[in-house]
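I opened this entry to look up disulfides, ring pairs and charges over rings. The structure goes in first.

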Amino acid sequence: MAGACRWAPLLLCLLQTAPGRPALAPPQNVSLLSQNFSVYLTWLPGPGNPQDVTYFVAYQSSPSPRWRRVDKCAGTRELVCSLMCLKNQDLYNKFRGRVRVASPSAKSSWVESKYLDYLFEVELAPPTLLLTHMEEILSVNATYQLPPCMPPLDLKYEVEFWKEGTRNKVGNLAPNPSQPQGSSPSQPAHLLQEGFPIDP
């Protein structure tokens, strides 16, 4: 019995480092973040893990139970992975992501995020403005870039302008922006052109 006790710590160590066994601490704070029309899976390292670990990411679209591997984030050392424009991804259905950490001799269990409904939870990106002052007219050109896989959204501009040093803002709800000719389908640019009279 005494001999078995001496071998117990070594046996436990071998079991923990055996390939395929979840010996690493799983990632923490796994969540989906929407920013500038895109979606990212973010996480923090598990406590006590070594520095030379990598991460693997997968996603699942409701109602399918199948998890699909995100190839561009397989073996990444980053703590973020873009989940936009993935193969077979349907942004009309809510989806979630999961991540696990791995080393040459061990890996952790998967940690899943909550579901995100893209059409209702997407964070819009601010437009890029170009102002042109021509005599008594202030021309405002606003553009923004959309991911090539983004489904159509009913987007409108809300424009406000005011004189420097005053608080009297003039607002205007602009119609749907249009896609100008010559824009690339892979990088769609949407444009708004509005003119506002300026009091002398």
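My notes on these contacts follow.

I worked from a predicted model, where local features need pLDDT of at least 70 and side-chain atom pairs count only at pLDDT 80 or more, while totals for chains, interfaces and linings use all residues. Residues are numbered from 1 along each chain as its sequence is written, and side-chain values use heavy atoms, without hydrogens and water.

Disulfides. I took cysteine sulfur atoms within 2.5 Å as a disulfide and found two. Cys73 and Cys81 have their sulfur atoms 2.0 Å apart; with 95° about the S-S bond, this link is right-handed. Both Cys73 and Cys81 are buried (under 20% relative accessible area; exposed is over 50%, partly exposed in between; 1.4 Å probe, protein chains only).

For Cys85 and Cys149 I noted 2.2 Å between the sulfur atoms. The S-S torsion is about -85°, so this disulfide is left-handed. Cys85 is partly exposed at 36%, and Cys149 is partly exposed at 31%. Counted along the chain, the bonded cysteines follow the pattern 1-2, 3-4.

Rings. I found one aromatic pair. The ring centres of Trp43 and Tyr55 are 5.4 Å apart and the planes are at 55°, so the pair is tilted (centres within 6.5 Å, with the six-membered ring for Trp; planes under 30 degrees apart are stacked, over 60 edge-to-face, the rest tilted). Trp43 is buried at 2%, and Tyr55 is buried at 4%.

Charges over rings. I required NZ of Lys or CZ of Arg within 6 Å of the ring centre and within 35 degrees of the ring normal. Lys94 sits over Tyr115, 5.0 Å from the ring centre. Arg98 lies over the face of Trp110 at 4.2 Å.
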